[in-house]
Amino acid sequence: MQIHRDAGYSKKGQLKIQQTAFMLVGLFIFFAMVAIVYFTISMKSLEGRAEDLREEEAKELARQLSGTPELAFTAGSGCSSCIDYDKARELSESLAYKKFWNLDYLVIERISPEPREDLVIIGNVEPTGTKIAFVALARWDRETQDYKYELGIIHALAKIPE
Amino acid sequence: MVGFVLIMLVVAVIFVVFLGIYLRKNANAEPVDSVEISQFLEAAFQYTTTCRISGNLLSVKELITRCQEGKDCVGEKSCDVLRETFIDLIESSWRFEENSPTKGYQLSIVKEINGPDAVLDNMGGPTTIAKPPSTDIIRAAEKPLPGGITLRLEIYS
């Protein structure tokens, strides 16, 4: 008799334990899903901010380069932030300026009007991490005897300190 | 047991409601101000177009004003030249193909008169040079111009 009574209590106890275990597992799974959603959202906003920072860096680099006397367009009064394309062409053909800037890579690409043209001032192959920024390019046009303004992109990578 | 199930159901419903609100908010995502597009517009304004007036070629910025005033270039309509120039500049700067990260763009040039809510210009309404967008991620930049004109470029990814 004693044995049968103990078996009945034991079964109820086991059922309660199982219920509690299922509840704990369910709660754990739920909170795990909440954590996954939260971290997914956080990572997305982080990526956005990182992208903004990269764009700001590229803009600052372009601004600095277009402000240097070696590249700045100073001949006409039309554009204070333009890059002088004729000066850039001279620099690309000169070895003297390869180590002038603290850069591992510097290319000025004319993208419009056609044909596209790359002026490689420093470096050969575009490395990973190169920043790009849109710039206006100014060059002297012999046909019209005036300055023409074109659209270009600066590709630049700062020297990594050793 | 019944209580446990009820609690889990309530929690699951609340979770689904929050998830739905979050997804709906993302679907109507506001365009992100883009430094890259802003730089592009600044550089594009300087661009020399093929519009000739009194022997001089106009820049994009000057051409926008000319188009807005309803004046033409020598031998061609200023608004047509403006449209062709912008399409050329935008499509030279970004690739819009199936496999590229950028899928489309929309450029609008709008003149506001009588306050910010009234949008009207001499070009017969907002001028748009558009390709259909296909996703929700939008980068955009706006540039104000003289005469109450605003130029806005959106790039869709």
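So, A140(B) and its bridge partner: that partner is E154(B), over in β7(B). The pair belongs to strand β6 (residues 138-145) of chain B and β7(B), which run antiparallel with 8 bridges between them. When I say strands pair, I mean DSSP finds at least two bridges between them. And helices (H or I, at least four residues) and strands (E, at least two) are DSSP runs, numbered from the N terminus.

Quick word on what we're looking at. This is a predicted model, where local features need pLDDT of at least 70, side-chain atom pairs count only at pLDDT 80 or more, and totals for chains, interfaces and linings use all residues. Residues are numbered from 1 along each chain as its sequence is written, and chains are lettered from A and ligands numbered from 1 in the order in which they are written.

Back to chain B. β6(B) and β7(B) make a hairpin with 3 residues between them, and G147(B) in that turn has a positive phi of about 85°. β7(B) (residues 149-156) also pairs antiparallel with strand β4 (residues 104-111) of chain B, again over 8 bridges. There, Y105(B) sits opposite I155(B).

Zooming out, chain B has 4 helices and 7 strands, in the order α-β-α-β-β-α-α-β-β-β-β along the sequence. Of its 157 residues, 27% are buried. Buried here means 20 or more other C-beta atoms within 10 Å of the residue's own; 12 or fewer is exposed, in between is partly exposed, and the C-beta atoms are placed from the backbone.

How much of α2(B) is buried? It's 9 of the 12 residues, so that helix is largely enclosed by the rest of the structure. Among them are I37(B), F40(B), L41(B) and A44(B). End to end, α2(B) reaches 17 Å from first C-alpha to last, close to the 16 Å expected; that expected span is 1.5 Å times one less than the number of residues. Over in helix α3 (residues 60-68) of chain B, the buried residues include L63(B), I64(B) and C67(B). Just after α3(B), G70(B) takes a positive phi of about 80°.

Now chain A. It has an open sheet of 5 strands, ordered β1-β4-β5-β2-β3, with mixed pairing. β1 (83-84) and β3 (117-122) of chain A are at the edges with a single partner strand each, so one side of each has no neighbour in the sheet. Strand β4 (residues 131-141) and strand β5 (residues 146-158) of chain A pair antiparallel over 11 bridges, and A138(A) has Y149(A) as its bridge partner.

Here's where the chains meet. Helix α2 (residues 35-46) of chain B packs on that sheet, touching β4 and β5 of chain A, and its direction makes about 5° with that of β4(A). Axes are lines fitted to C-alpha atoms, for helices over the stretch in contact, with angles from 0 to 180 degrees between N-to-C directions.

Definitions and conventions:
Two residues are in contact if their C-beta atoms, placed from the backbone, lie within 7 Å.
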